[in-house]
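Colleague: I would like to learn how to read a few side-chain features. Can we take them one by one?

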Amino acid sequence: MVELELETLAQKLRQLKEQAEHRDLQGERSAYAKTAVLDERFSCRSDLFSDYVSELEQDLLQISRLGEKTKDIDLLKLYCDRFVGKFAMLQGKINQITRKQKQRSIPQQQRIQSWQNRLNKVMNSGDQNQLREKLNQQKQFEAQLEQKIAEKNQVLNRSNIKTDTARLSAEILSLKSRLGECQKTTWKLEQKINQLESRFKE
């Protein structure tokens with residue numbers, strides 16, 4: 001019974017480790033403020049969530065070794081309950097951060113969708129003045145994104161920390177993806193303007 005429970009805990013811990021590493025790579029480096037100072041059950045004092053998972057891994061290993069030495073089921077369950085308490089607290093903190101990030105991403109998605117809706121209306125209207133205005137805005141967006149990419153690359157080239165390097169690489173990839181979409185829209189606007197100008201000349 002205890003062996004089955006330990007295997008279940010080990011499986012859940014592997015899942016939590018993936019979530020913790022993802023949070024660390026996203027640049028969330030406030031694990032100590034959110035975890036250690038709020039709960040003395042952890043002896044870890046790191047800013048990385050994955051380090052707290054490592055402490056849980058050591059806890060689970062000790063429980064497993066204890067299970068090999070004793071047949072005291074009540075004692076094993078006591079240690080398991082303590083482990084579950086630490087696990088649940090860490091899981092809750094990571095989930096809380098994930099929920100907050102999702103909530104922050106909603107306004108940005110709404111702004112992008114609103115911009116796309118306005119752009120579609122201008123494209124369908126065929127108003128050359130409005131099209132040129134949107135084209136100028138698109139080129140400004142492109143310039144801003146290119147500047148951000150250049151700045152991130154400079155920081156990446158100076159970084160020697162593995163987690164920072166992975167996070168910056170992911171951010172640069174995301175910015176390049178946005179730049180690609182922006183360039184597609186610019187091309188569509190230019191094609192629409194050229195089409196309208198050709199008709200006017202005819």
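Colleague: How many disulfides does the count come to?

Modeller: This is a predicted model. A disulfide needs two cysteine sulfur atoms within 2.5 Å. By this rule the count is 0 disulfides.

Colleague: Are Cys-44 and Cys-182 buried or exposed?

Modeller: Buried means under 20% relative accessible area. Cys-44 has 14%, so Cys-44 is buried. Cys-182 has 8% and therefore counts as buried too.

Colleague: Next, aromatic rings. How many aromatic pairs does the structure hold?

Modeller: There are 2 aromatic pairs. Take Phe-42 and Tyr-52: their ring centres lie 5.4 Å apart, with the planes at 75 degrees. Planes over 60 degrees apart count as edge-to-face, so this pair is edge-to-face.

Colleague: Where do Phe-42 and Tyr-52 sit in the chain?

Modeller: Phe-42 is in the loop between helix 2 (31-34) and helix 3 (49-69). Tyr-52 is in helix 3, and the two are 10 residues apart. The pair thus links distant parts of the chain. Both residues are buried.

Colleague: Which charges lie over the faces of Phe-42 and Tyr-79?

Modeller: Lys-86 lies over the face of Phe-42, 4.8 Å from the ring centre. Arg-82 lies over the face of Tyr-79, at 5.6 Å from that ring centre.

Colleague: Back to helix 3. What does helix 3 reach from its first C-alpha to its last?

Modeller: Helix 3 has 21 residues and reaches 31 Å. That is close to the 30 Å expected at 1.5 Å a residue.

Colleague: Which residues of helix 3 are buried?

Modeller: Among them are Phe-49, Tyr-52, Val-53, Leu-56, Leu-60 and Ile-63. Glu-55 and Asp-59 are also buried.

Methods: Residues numbered from 1 in each chain as written. Predicted model: local features only at pLDDT ≥ 70, side-chain atom pairs only at ≥ 80, totals over all residues. Heavy atoms only, no water. Phe/Tyr/Trp six-rings, centres within 6.5 Å; stacked < 30°, edge-to-face > 60°. Helix = DSSP H or I, 4+ residues; strand = E, 2+ residues; numbered from the N terminus. Buried < 20%, exposed > 50% of the residue type's maximum accessible area, 1.4 Å probe, protein only. Lys NZ or Arg CZ within 6 Å of the ring centre and 35° of its normal. Expected span 1.5 Å × (residues − 1).
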